[in-house]
Amino acid sequence: MTADPERGNGALVVIIDDDPAARHSVGQMLSLRGWTVEVFSSAEAALAWPGLPEAACIVTDVKMPGMDGEQFLAVMRARPGAPPVVMLTGHGDVAMAVRCLKAGALDFAEKPFDDAVLLAYVAKATEQSRLVREARELRRRLTMCSSEEDGRFGMVGRSRAMQDLFAQVEAAARTEAPVLITGETGTGKELVARAIHGQSPRAAGPFVPVNTGALPETMLESELFGHARGAYTGAVGEREGKLVSASGGTLLLDEIETISARAQVQLLRVLDDGVVQPLGSDRPRKTDIRLICATNAELSREVRRGTIREDFYHRIMVLAIRVPPLRERREDVPLLVSHFLRRAAERNGVPVPTVPEETLTEMMRHAWPGNVRELSNAVERLLITARDGRTGSFSPDILTGVVGPAEGEREGTGADAERLLSLPPGPGKLRDELEKTEKAAIEAALKEHHGEITATWQALGISRRALYERMKRYGLDKDGYR
């Protein structure tokens, strides 16, 4: 969340200055913009105030009688979890500014200063304090992430956006109407579909997911509607389509924007009268399904382009649910980190490591364009690089999948760290560790996606070819996970 200099939202700011006029002007400026303000004429008085640790930011003059600002900063930096400090002075120079910043001041401004500059400094400090406090809360909870408290229906989140989503899931589960789930890649649209199915009267029936974008048109029709023997070259036997195998349960069609016009017409018939016509067969089959569709595209635009029929569009979106991207619910990042870290540690048979507060703070600041899927992969890599019961820092390398060993741990000298899920065969302690983790990650993804290759390679963030190569290397068979 970007700090907003115009809104303090009640956060506490402590002002220390021996000049009454300066205390008044700074305090009034911040109060008018929503901050709660406490003022002190000396550093000693501020240190004696019991409420000081609760401050989101401290703004202090440097030159003061008694304890000056630099001495005050040293005392605060020695206190664990102390609020960030912004330094002000009317007698500043470059050396003083550098000295204060090196000593741990968040920012440094010379009097007279522009109001907008100080507002930006205080807003940044307030946001930093918020993130640090949320990170501390996660550290407290790392060993006890309660699914009931921290989420519902197999989804993790306590944000307002997720509470709204849970309410929509409950409402959708009470009906038989088709549902259209929209959201960016990696937000968890299939999880939402499974939650609707699991809470519905059809929960005892099958849940059948199909990624329509992963199949050519002829294969898709065979996959959905089934086919008779000899319906096309290679159809050596009769096949029951997903529309029939999902009868009594729920069918999820992902990437629905890729479905052909012909298949749309056939699906409309199924939705209207529950009749499936297999390819090459004159014997219709009856089915009883609840249809859920998912997409990361804007379907109304696809209607205007002519790729989606208007009647089909209105038929499948009787209920519409939007899954929020992770950047709209950053307060859920600590819970998700806890969830994924515990799951990855259990999968790899290792203790759950501690996550440094600065790592969590950076993770909460990140935009996560790949959403929850990207976060899950990043946490997996943090686990791999953990040392002495503690994860490393959050960096671009973690996001791209580049991981490296502790100094001296890898065989050879000065070689670059290699990309996870792009490792050629070879010896070495680190390589053995990474290959073990890689195999476990692929097995877990295959299990989660029931052996569906397209969904698996997309979840892992690798190519289809890379997945097949690694499955062959580790002796994994997709049929074993269906």
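Predicted model: local features only at pLDDT ≥ 70, side-chain atom pairs only at ≥ 80, totals over all residues.
Because Glu 380 belongs to helix 16 (residues 371-384) and Arg 347 to helix 14 (residues 333-348), the pair ties together parts that are 33 residues apart in sequence. Glu 380 counts as buried at 10% relative accessibility, whereas Arg 347, at 28%, counts as partly exposed.

The count of salt bridges comes to 21, and among them is one between the side chains of Asp 17 and Lys 111, at 2.7 Å from N to O. Asp 17 sits in the loop between strand 1 (12-16) and helix 1 (20-32), and Lys 111 in the loop between strand 5 (107-110) and helix 5, so this pair ties together parts that are 94 residues apart in sequence. Asp 17 is buried, with a relative accessible area of 3%, while Lys 111 is partly exposed, with 24%.

Two or more lining residues come from each of helix 3 (69-77) and helix 5 (115-141), with helix 5 giving the most, five residues. By type, the lining divides into eleven nonpolar, four polar and six charged residues.

## The chain as a whole

The secondary structure comes to 20 helices and 14 strands, and buried residues make up 48% of the 482 residues in the chain. The chain exposes about 22,900 Å², of which carbon and sulfur atoms supply 50%.

Key
Residues numbered from 1 in each chain as written. Heavy atoms only, no water. Helix = DSSP H or I, 4+ residues; strand = E, 2+ residues; numbered from the N terminus. Buried < 20%, exposed > 50% of the residue type's maximum accessible area, 1.4 Å probe, protein only. Areas by Shrake-Rupley, 256 points an atom, 1.4 Å probe, with all protein chains shown as cover. Nonpolar A, V, L, I, M, F, W, Y, C, P; charged D, E, K, R; others polar. Salt bridge = Lys/Arg side-chain N within 4 Å of Asp/Glu carboxyl O.
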